[in-house]
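Colleague: I am new to this structure and would like to learn how to read it. Could we take a few features in turn?

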Amino acid sequence: MQRDGHLTLAEPGAGQPFATVSWPLEDEARPVVAPFRDARLGTGQRLTVTRADGRQDAVFVLAEQPFAFFQSTLKNSGASLAVTNRVPYPALALNLGVPAADLTTLGSGGLLKPDKNPGSYMWSAVADPATRRGVVAGWISTDRGSGIVRMERGGGGVRLLPHLDYGRLPLAPGQEEPLELFVAGVFGDARLGLEAYADLIAARYAIRLPPMPTVHCTWYVDGASRESVLSNRTDFAAKALKPFGLGVMQIDDGWQLGHSTNGPKKVFIGHNPDGPYPSGMKAMADTIRRAGFTPGLWLIPFAGSSDDPWFADKRDWFAKKPDGRPFDTRWGGTCFDLTRPDTQAYLKEVIRTLTHAWGYRYLKMDGLYTGASINLNYICDTFREDEIGQAVLADPAVTQIEMMRNSLNLVRTTAGPEVFLLGCCTPQNMRSAGAAYGLVHAMRIGPDNGANWSSLLRGPEFGAWNYFLHGRVWYNDPDPLYARPSLPLEQARAICSWVALSGQMNSSSEEYANLPPERLDLLKRTMPSITADTNIVSRPVDLFENRVPGIWLAAGRATDRLPRRRVAGLFNWENTAKRIDVSLAALDLADAGACIAFDLWSNALTPPFQGRLSHTLRPQSCAVLAVRPVLDRPQLIATSRHITQGLIDVTAERWEAATRTLSGVSETVAGDRYELRILTYTGDTDTPGRPARGYAVESAGITGANGYELTVAPGDGLAARPDDAYANANTPDAPITTLHEPAVEEGLVRVAFTSGSGGPVAWRVTFSDRPAPPLLPAVRELKAAMPDRFGPVVLTWRGNTRACEIRRDGKVIAAAATGGLWHDAAVSSAQTYRYELVPYTLSGARGEPQSVAFTTPVIPRLGEPPPRPEVPLDALTPLAVKVGWGAYKRGTALNGPLRLGAATYASGICIHADGHAVFTRDPSWKRFVAVVGIDESQRPQQQSSLLFSVAVEAADGRRVLDVSPVIRFGQRERWHFDVALPPDAERVVLLTESAGDGIKSDHGNWCDAGFIR
């Protein structure tokens, strides 16, 4: 410490200063240095300065920790009660040897430049994105106060300005109050600093997390669902998804009692007998449990509704505003005063009923901020004032943050250690993040999402910013992933791949039985999460470069049974094609030499690469690459079990040079086809002992958990046997294990088998000492189709090389198409195209071209707006109407004028999905016209997706005349109808239907709609 009180913080070992602490000394103040020990954090030295008013400011360093620790203690030296709201801690002027303009900050609001960051809740990092070197600082305790890290840029540098908000911290005369712990440290890789920060929180609160569940949530498919529907869904999921890892069936908002004009109903002591679960919530929990799942339930534990008659005689339970009114918050309702014994008793009764009487062992606790009696700040990420301290509590000695922690602890002790607690969600008010440290097992770290691209990005955004908390402080829940057909396949693959690779909490909200097989299979490949294995670490590579990181690396540590395995996820979150170029050093492969990768979604090898990995991604898509250094022998590069391609399922891998045998052990799911993808490419033809064409396979074999064995050689076809030695072909439902002969491709051998019983399967593949025979590049089963009438043309084929050249009418449109799938979106209506595919090898040898001709149908286009109607719909009374929510509206939308984008329409109708309106057709009406889309008021929700249809009814039944494409914000936002009405049409039916992702926010506007004579 300098004589003026400024304290210099230096990097351990190097001694290079990285921060100066502004800690001016008073004349009579003298620093005292003494040994220090914290039972959970370690031992070291502590420097303390005592001020004239009794306040102590201390900084200490611990031998076991890479941070400097700061803690202040307040003392009321006066003769009367003192109340403190905000307490500043010493400012830190950073010195990273880089101009401030070149630095970036990461905090609860994501990636921001220092002068654009208004402050972060709990933690912040300031780093040089070129090197990742940076300072990590944050609060590791939140017992009574809420920590903030603000910052300012000035004098060529960046200053951190930490402070604590208590709202009201009362101190009696002579009382001392130790405040929260703040830490700061410098790291060569600030990601490791963030992880060390999270480890400190875990140590401070002795956090031990239970296994992370995989969850079904009803909310984004059918709200609270219904008794019969959820029973059927549970039965289906037990057969289809439970074997892969699905473990919880969770019911969301809508089951409970109560009345509310402000957010959900909030009486959770009983269920609504006229609601979706007439047999009761215990009966539904029993149904879920009998199917082998954990029953889960949503609630808002810390609030009621002041206007609900159920609370009419319980008004004293509520916290008050300074004027004496109940403390109402937007959506969350009326906050309980949980310093009162009677309110605490009610909370205990609710939790005891849900968990012990009814049997729910998973609780999704929404509106956490109400537990602190603070306002909703949704969507909250960077620091915003919220008037903490305004709540009037029965016990004024308890701070609002302290009340929330006490209440969460009450929930936890009442529920018991076997109940999994999910908090929801920090962006409602970010103060609830620190207040929940050590008291919840998982936390929704982002706002609600939906099955559309813009809202899906909320998970990758908030999940990346908070990745280091995951598995240390709690499990990050980024809200569900989606696989439903209404979501384009590449988008579904991207969100499923991100959740699987980042290892964050996996929840889904689908009607599983209605999913096409390939979409259901996509969900299977995400389960379970990789964090079930603590030997695997997943990090965003470009955390300090891109607001939504586009590169994730999941890697398993090398052991005596396994080599180090790496899987890189490359993501294009943008609306245009993007080329990602990353050094192999960033992927922990600096000294690897030549590498090669297996591309999961292309189902093919990449070309070899060295030094850098480059990949071009289509808009809103991803690539998942299992990367291995090229060796002089065969090696396992990927499997089919999971998106992580072997990280969760391969438990052993070994090469025996003497017998030329690659062997290993894999965890399998009963009845699920499992494919080993074995790399035989060995690189340069000039290297002695490395056959360029790879090794030839002699045989493949497996040994199951029951001791059964199967062996096949090339040309043997399929081998099969019952798992039970006493079963035979006539035994019904006997588990059968099958092993397919190895399939040889260029540089790759595929060995597929299905274990009838599942569990660990030992496998082995033996190779010849001769190189594989020359490969003749070939394509077969080339097909062209256009499954969507709006395009594109989809080419599919099977081949034995990693890539094909695609020509259309003689012109090359793709130089290296992989995976047996190609989409040609640049096609015109009613045209005939001739496609030609030419396979080629890594060495450039080309095979015989294969061709197919395809004629596109008439492709509807938006075109010019239709003429305005002579007979507008809002002037007519429909013969019949149905709406999925709200009411049928004429001349307006559900909550205001009819708006599509920036345009406002005076004429039209609004039909909320799923709904329809039927009009009796006047014979003079010749055409129907309309401009349709989603009402602009729903754009902030980003949850809407609609299909609009025009149909007629005649003597021979209903005929659909025209259907719009799927309408979504940010994609196709409107559609034009100009439809001729057939002479025999008696009625016209207009349908507004959800595009398969539920009806939330599906406000369908039919603007300037009506008939032309």
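**Reading a predicted model**

Modeller: Start with a contact list, where contact means heavy atoms within 4.5 Å. Leaving aside neighbours within four places in sequence, Lys524 touches Ala240, Leu241, Phe244 and Arg641. This is a predicted model, in which local features need pLDDT of at least 70 and side-chain atom pairs count only at pLDDT 80 or more, while totals for chains, interfaces and linings use all residues. Residues are numbered from 1 along each chain as its sequence is written, and side-chain values use heavy atoms, with hydrogens and water left out.

Colleague: Where is Lys524 placed, and which side chain of opposite charge is nearest to Lys524?

Modeller: Lys524 belongs to helix H11; helices (H or I, at least four residues) and strands (E, at least two) are DSSP runs, numbered from the N terminus. Buried means under 20% relative accessible area, exposed over 50%, and partly exposed in between, with a 1.4 Å probe and protein chains only. Lys524 is buried and has no salt bridge; the nearest side chain of opposite charge is Asp521, 4.9 Å away. A salt bridge needs a side-chain nitrogen of Lys or Arg within 4 Å of a carboxyl oxygen of Asp or Glu. Lys and Arg count as positive and Asp and Glu as negative, with His and the chain ends not counted.

Colleague: Which residues of H3 are buried, and what do they pack against?

Modeller: An α-helix has 3.6 residues a turn, so residues three or four places apart point the same way. In H3 the buried residues are Val229, Leu230, Ser231, Arg233, Thr234, Ala237 and Ala240. Their packing partners include strand E18 (215–217), helix H4 (281–290) and helix H11 (517–524).

Colleague: How are the strands E50, E51 and E54 arranged?

Modeller: Strands of a sheet pair through backbone hydrogen bonds, either parallel or antiparallel. Here three strands make an open sheet in the order E50-E51-E54, with antiparallel pairing. Strands E50 (779–785) and E54 (821–824) are the edges, each pairing on one side only. Two strands pair if DSSP finds at least two bridges between them; E51 (residues 793–799) and E54 are joined by four.

Colleague: What should I look for in the backbone angles?

Modeller: Most residues other than glycine have a negative phi, and most peptide bonds are trans. Arg660 has a positive phi, near 55°, and counts as partly exposed because its relative accessibility is 24%. Ser1001 also has a positive phi, about 65°, but counts as buried at 13%. A cis peptide bond joins Met527 and Pro528, with omega about -15°.
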